[in-house]
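Please look over the sequence and the model shown below. The report that follows goes through them part by part.

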Amino acid sequence: MFANRLTEILGTQYPLILGPMRRITLGSMAAAVSNSGAFGQVATGLLRPADLRREIELACSLTQLPFGVNIPLIRKEASEYLEIAIDLGVPVISTSAGRPGAIVEKAKRAGMKVLHKVSSVSQGLQAQAAGVDAVVAMGYEAGGHVGREKTTTFCLVPQLVDALRIPVVAAGGLGDGRGFLAALALGAEGVEMGTRFLATRQCPIPAYYKQALLAAPDDGTFLLGKKAMPVRVLRNDKSLRIQNPNHDQEDAGVREQNDTLDYIDPKSDADKTLMMAGQIAGLLHEINELPEVVQSVMNQAAERARSLAAYFRPSRPASL
Ligand SMILES: Cc1cc2nc3c(=O)[nH]c(=O)nc-3n(C[C@H](O)[C@H](O)[C@H](O)COP(=O)(O)O)c2cc1C
C-alpha cells in the first residue's frame, strides 16, 4: 500500500498523475486513469465551458474514483471553468500557465485541493505562499509548453524539495518505473506523466500521432518558439518549417504554431501536424493498454527499489 502526503491530497492508490493535455485528456481518459489507481485529469484548455461540463459529467459516469480538472490561468474562461468544477463536486484542480491568485483562493474556499505547475524555485515559493497544496515541478524535457528557465527535471525537483514545505510532484522526462523511482529518490512525492500516456490505446489522438511517437528517436523533439511560450514538439516537416528563421517573421511562425497546436486533424498526416511530445518519446516502442502502463510503472519502480536496496546492505567483514 503506497501512502504519502500526495496520495492523501489526491485520494488515490498511487502517487501517479495523468498530465493534463489540452483537447486530449478529456472525460474518458481521465476516468480510465483514475480507474487504474492513478489520478486522471480533464484538461480545460480550448474547451467551451459547456463542453467542460459534459466532459466532467462523462468522467463521473465512468468512475467513482477522484479525478481533477486542469485550469490554465491565462484563459479568460478560467473562473467559469472553476465554477463548473465546484458545481460538479470535483475535489482537486491543477492550475498552470499563470500566477496563482483569485482562482486558487476561491478553489480553497470551496474546499478543493490545488496543485500548481511551476518551472522554477521562485514560482514554487510564490505558489506555496498562495496556499496551494502541492506543486508540479515541470522540467525542460517535458512535452507541451515548458518554462523559459530551461531547468531540467533532475535539477529542479531537489531544489524545490529543499525550498518548500508542501509536496513536490515531478513532471517531464519520466516514462516508466525507473523514472518514477528516480523522482522519488530526488525527494518528489509523486510523478506526473504526459507523453507516456499518449502511447496508449485509450488516448484519443489519431493513429499517425501515435506512430510518430513510436518512431521518435532520443532526439526526436525540440523546443519551438523561443520568444513566445516555448513548446516541445516532435521534429517533423511542419515543426522544422515553422522553426526555420527564413519562414516569414517570428510573429507569423508563432501565429501558425498556435493555430496548428490548437487543432489535431484526425484526417491529416504526421508531416502536416504539430505534435506536442516530451523527450521521453524516444523510450516508447509500443501502444499499451492504459491500466497496464500504470501497473507496469508501479511494479517496475517497486522491483528497482528492491534491487537497489541490495547495494546498500552492510557488507560482511572479510573474515566471515
Ligand atoms: C500534447 C500535450 C499537451 C499538453 N497540454 C497541457 C495543458 O493543457 N495543460 C498543462 O498544464 N500541461 C499540458 N501539458 C504538459 C503535461 O501535462 C505534463 O506536465 C507533461 O507532459 C509532463 O512531461 P512528459 O511529457 O515528459 O511526461 C501537455 C503536454 C503534452 C505532451
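## A starting residue

Where is the place of Phe-222? Phe-222 is found in strand 10 (residues 221-224). Helices (H or I, at least four residues) and strands (E, at least two) are DSSP runs, numbered from the N terminus. Phe-222 counts as partly exposed because it has 15 C-beta neighbours inside 10 Å. A residue is buried if 20 or more other C-beta atoms lie within 10 Å of its own, exposed if 12 or fewer, and partly exposed in between, with C-beta atoms placed from the backbone. The C-alpha atoms of Phe-222 and Arg-201 are separated by 25 Å, and these residues are 21 residues apart along the chain.

This is a predicted model, in which local features need pLDDT of at least 70 and side-chain atom pairs count only at pLDDT 80 or more, while totals for chains, interfaces and linings use all residues. Residues are numbered from 1 along each chain as its sequence is written.

## Two domains

The chain is divided into domain 1 (5-204 + 284-297) and domain 2 (207-279), with bounds that come from an automatic or database domain assignment. Taken over C-alpha atoms, the centres of domain 1 and domain 2 are separated by 23 Å. In domain 1, 19 residues are in contact with 14 residues of domain 2; two residues are in contact if their C-beta atoms, placed from the backbone, lie within 7 Å. On the side of domain 1 that touches domain 2, the elements that give two or more residues are strand 7 (144-145) and helix 9.

An open sheet is formed by eight strands in the order 1-9-8-6-5-4-3-2, and the pairing is parallel. Two strands pair if DSSP finds at least two bridges between them. Strand 1 and strand 2 (40-43) are the edge strands, each pairing on one side only. On average, neighbouring strands of this sheet are turned by 25° against each other, direction ignored.

Strand 6 (residues 134-138) and strand 8 (residues 168-171) pair in the parallel sense over four bridges. Met-138 has Ala-171 as its bridge partner in strand 8. Helix 7 (residues 153-163) packs on the sheet and touches strand 6 and strand 8, and its direction makes about 175° with that of strand 8. For such angles, axes are lines fitted to C-alpha atoms, for helices over the stretch in contact, and angles run from 0 to 180 degrees between N-to-C directions.

## Strand 6 and Met-138

Strand 6 also pairs with strand 5 (residues 113-118), in the parallel sense and over four bridges. Here the bridge partner of Leu-115 in strand 6 is Ala-134. Five of the five residues of strand 6 are buried. Ala-134, Val-136 and Met-138 point one way from the strand, while Val-135 and Ala-137 point the other way.

Why does Met-138 count as buried? Met-138 counts as buried because it has 31 C-beta neighbours inside 10 Å. Leaving aside its neighbours within four places in sequence, Met-138 is in contact with Lys-117, Ser-119, Val-146, Gly-147, Ala-171 and Gly-172. The C-alpha atoms of Met-138 and Val-157 are separated by 8.4 Å, and these two residues are 19 residues apart along the chain.

## Helix 6

In helix 6 (residues 121-129), the buried residues are Gln-123, Gly-124, Ala-127 and Gln-128. Seen down the axis of helix 6, these residues fall within an arc of 135°, so they line one face of the helix. The arc is that of the directions from the helix axis to the C-beta atoms. An α-helix has 3.6 residues a turn, so residues three or four places apart point the same way.

The exposed residues Ser-122 and Ala-129 are on the face of helix 6 turned away from its buried side. Strand 5, strand 6 and helix 7 are among the elements that cover the buried residues of helix 6. Gly-131 follows helix 6 and has a positive phi, near 95°.

## Helix 13

The buried residues of helix 13 are Leu-290, Val-293, Val-294, Val-297, Met-298 and Ala-301. Seen down the axis of helix 13, they fall within an arc of 125°, so they line one face of the helix. They pack against strand 1 (16-18), helix 2 (27-35), helix 8 (177-185) and helix 9 (195-198). Glu-292, Asn-299, Arg-306 and Ser-307 are exposed on the other side of helix 13.
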